[in-house]
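Reader: Could you walk me through this protein's pocket and its ring pairs? I'm new to this.

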Amino acid sequence: MKELNLPSYDVKVRGTREKPEIFDFLRRKYVALTPEEWVRQHFTHWLIHEKGYPKGLLGNEIALKCGDKTLRCDSILYDKAARPQMIIEYKAPTVSLTQRVFNQISSYNLLLHVDYLIVSNGLQHYCCRMDYEHQSYEFLQDVPAYSEL
């Protein structure tokens with residue numbers, strides 16, 4: 001897999017060359033090792049071990065119902081009252097973080113109304129803080145530490 005702009009960690013991989021799997025420590029199971037999953041696992045480890053995010057407040061592959069349609073958020077950070085606080089969308093390192101990616105995460109936020117949105121392809125990471133009072137958002141210089149939320 002491609003080297004990312006994230007710290008490495010002790011990756012647990014199994015399976016065959018044709019069907020490799022990576023251990024998702026949040027879902028507590030092995031999942032298909034895709035380039036997007038490679039980014040997700042590195043990013044969530046970074047949030048927990050470098051940024052101080054509580055493991056118990058993060059969830060991967062969270063289903064959202066919108067009428068007849070089911071959407072899936074890549075990761076969600078919940079606050080201590082179990083309300084969604086942050087949505088994180090991952091793309092493979094070869095995928096550019098275009099307006100289409102921001103539109104996708106924004107559509108999830110229409111349902112969840114969170115404080116923070118993050119998109120990452122493992123090489124670039126963008127974080128914005130929502131300001132609902134002024135109907136705007138602010139891009140932050142870095143992903144904040146959990147203590148700064």
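Reader: How do the residues lining the largest pocket divide into nonpolar, polar and charged?

Author: Heads up: this is a predicted model, where local features need pLDDT of at least 70 and side-chain atom pairs 80 or more, while totals for chains, interfaces and linings use all residues. Numbering starts from 1 along each chain as its sequence is written, and side-chain values use heavy atoms, without hydrogens and water. Ala, Val, Leu, Ile, Met, Phe, Trp, Tyr, Cys and Pro count as nonpolar, Asp, Glu, Lys and Arg as charged, and the others, Gly among them, as polar. The lining comes out as nine nonpolar, four polar and no charged.

Reader: Which element gives the most to that lining?

Author: Helices here are DSSP runs of H or I with at least four residues, and strands are E runs of at least two, numbered from the N terminus. α2 (99-112), β8 (125-131) and β9 (136-139) each give two or more residues. With six residues, the top giver is α2.

Reader: What kind of aromatic pair do Phe-102 and Phe-139 make?

Author: Rings of Phe, Tyr and Trp (its six-membered ring) pair if their centres lie within 6.5 Å; planes under 30 degrees apart are stacked, over 60 edge-to-face, the rest tilted. These two centres are 5.9 Å apart with planes at 80°, so the pair is edge-to-face.

Reader: Is Phe-102 buried or exposed?

Author: Buried means under 20% relative accessible area, exposed over 50%, and partly exposed in between (1.4 Å probe, protein chains only). Phe-102 has 19% relative accessibility, so it counts as buried.
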